[in-house]
Amino acid sequence: MAKFLVTGGLGFIGSNLVEYLINSGHKVINVDKISYSSNFYNIKDIKKNKNYKFFKLDIIEKKKLSKIIKRYKPNCIFNLAAETHVDRSIDCSNDFLKTNIIGIHTLLEILLENRNVKLIHVSTDEVYGNVKGNLRANEKTAYNPKNPYAATKAASDHLIQSYVNTYGLKAIITNCCNNYG
């Protein structure tokens, strides 16, 4: 049985991941600041499971997040905490900068003290900009963000990659397309 910490675990993707991990017999620590996209209904069937813990916490809160990671010693952190939606980023990008860049930096600094923990960071395909025709983006496609949301996600991807290169942190970045459900 592995232990996972999921940031943004009350969001659409995060809550489905939390439920999947719990139903697969793993322990899950769910960290979510509870924002407009959080939904407790999504985890109603697992919230009383003995292998599930929830903490209301913003990932920019380094001391509190570090304490949780040290106490529960997860094998892996799935980072799904993010400000999302292009239109919201155009209206006001401040929250996007805080969560998507400062929050990731906070998480990376904590991981320097917990090097045995792997990070799986869920990013977006929007970091590549508009891919023309039938072409698909891949890891070699140049980043070309077209809005504040995509720019902050691109910045977080680059920051993570710099910590992998500089400090040898274990991390995977995924750049998935839009999800529907």
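1. Phe4 stands opposite Cys76 in strand E4. Strand E1 (residues 3-7) and strand E4 (residues 76-79) run parallel and are joined by four bridges; two strands count as paired if DSSP finds at least two bridges between them. Strands (E, at least two residues) and helices (H or I, at least four) are DSSP runs, numbered from the N terminus.

2. The model is predicted: local features need pLDDT of at least 70 and side-chain atom pairs pLDDT 80 or more, whereas totals for chains, interfaces and linings use all residues. Residues are numbered from 1 along each chain as its sequence is written, and side-chain values use heavy atoms, with hydrogens and water left out.

3. The open sheet comprises six strands in the order E3-E2-E1-E4-E5-E6, with parallel pairing. Its edge strands are E3 (52-56) and E6 (171-174), each of which pairs on one side only.

4. The largest pocket holds about 820 Å³ of space. A pocket is an open set of points on a 1 Å grid over the protein atoms alone, where a 1.4 Å probe fits, with protein on both sides within 12 Å along at least five of seven lines; lining residues have an atom within 4 Å of a point. The volume is the space filled by probe spheres set on the points, which are joined across faces, edges and corners.

5. Of the 36 residues lining the largest pocket, Phe12, Ile13, Ala82, Thr84 and His85 lie nearest its centre. Helix H1 (12-23) supplies the largest share of this lining, three residues.
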